[in-house]
Each structure stands twice: as C-alpha cells, then as structure tokens.
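Have a look at the model first.

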Amino acid sequence: MSCGNHHNLPCTEVLHAIVLYIDHEIEDNESVHAIELHIQECPPCAARTAQEAILNQQLKALLNRSCREEASEQLRRNVGAMIRQPQFEWHQSITYTEITTDTFIHTHVEIHERFGSDDDQR
Ligand SMILES: [Zn+2]
C-alpha cells in the first residue's frame with residue numbers, strides 16, 4: 001500500500017505504528033509528528049488510519065458494553081415487568097384421552113398453551 005510519493009517515513013512503518021498512534025501510546029513527539037505528516041501527504045495511509053480508528057472505537061465500545069453488568073440487570077427487570085403485566089395471562093388446557101382395546105392402551109395427551117390478553121376470549 002503506497003501512494004507512490006516519497007515520504008521521510010515509509011508507509012510500512014506508518015502502518016505498523018497506526019494502532020499505537022491511535023491509542024496515543026507513542027511517547028516520542030518526533031515520531032508522532034512524522035506519522036501525522038505522512039498521513040497528511042499519503043491518502044492510502046490516511047484512509048487506513050481512519051479505518052483503524054473506527055475499528056478501535058467500536059472495539060472499545062463493545063468491551064465497555066459487555067463489562068457493564070447493570071445494563072443486563074436492567075434489561076432483565078424490564079423483561080420481567082413486561083411478562084407480569086396484568087392484561088396478559090397464561091391459558092392452559094390439557095385434554096387427556098385414553099383408549100383401551102383388547103390389544104393396546106392408547107394414551108393421547110394434548111396440551112394447549114396460550115399466552116394472550118383477555119380480549120381474545122370475547
Ligand atoms: Zn503512506
């Protein structure tokens with residue numbers, strides 16, 4: 001990946017340092033400046049840096065979200081409140097049929113379950 005122009009800092013070195021650069025982990029100001037200068041001059045490296053920055057941000061957001069326990073606790077409470085809403089109830093009917101002949105006993109069990117509002121019964 002190169003734009004064909006000559007740079008003081010080769011593209012490969014910039015690309016190697018991109019992640020460190022995005023995380024502000026390069027302490028050497030001269031190196032940071034060289035990378036910034038290169039990015040300004042070199043569109044492919046600029047594009048790559050922008051792409052890495054977005055990926056880096058998304059990864060951090062994802063890690064933050066999965067580490068936040070209260071979020072899932074809140075979600076569970078919301079779901080629980082939704083299920084306990086009074087206008088919804090659980091309807092269950094079981095039909096149990098047993099047919100006995102000389103040769104076999106046939107047992108047939110039907111369980112009908114319905115989760116709905118009382119309006120369904122009208
Ligand atoms: Zn470059």
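Just past H1, His-24 adopts a positive phi of about 55°. Helices here are DSSP runs (H or I, at least four residues), numbered from the N terminus. This is a predicted model: local features need pLDDT of at least 70, side-chain atom pairs need 80 or more, and totals for chains, interfaces and linings use all residues. Residue numbers start from 1 along each chain as its sequence is written.

**Confidence**
- The protein chain averages a pLDDT (the predictor's confidence in each residue, from 0 to 100) of 77, and 65% of the residues score at least 70.

**H1 against H2**
- The axes of H1 and H2 come within 11 Å and cross at roughly 115°, with axes being lines fitted to C-alpha atoms over the stretch in contact and angles running from 0 to 180 degrees between N-to-C directions.
- H1 and H2 are therefore roughly perpendicular (65 to 115 degrees; under 35 is roughly parallel, over 145 roughly antiparallel, the rest oblique).
- Val-14, Ala-17 and Tyr-21 of H1 meet Val-32, Ile-35 and His-38 of H2 (contact puts C-beta atoms, placed from the backbone, within 7 Å).

Key
Helix = DSSP H or I, 4+ residues; strand = E, 2+ residues; numbered from the N terminus. Contact = placed C-beta atoms within 7 Å.
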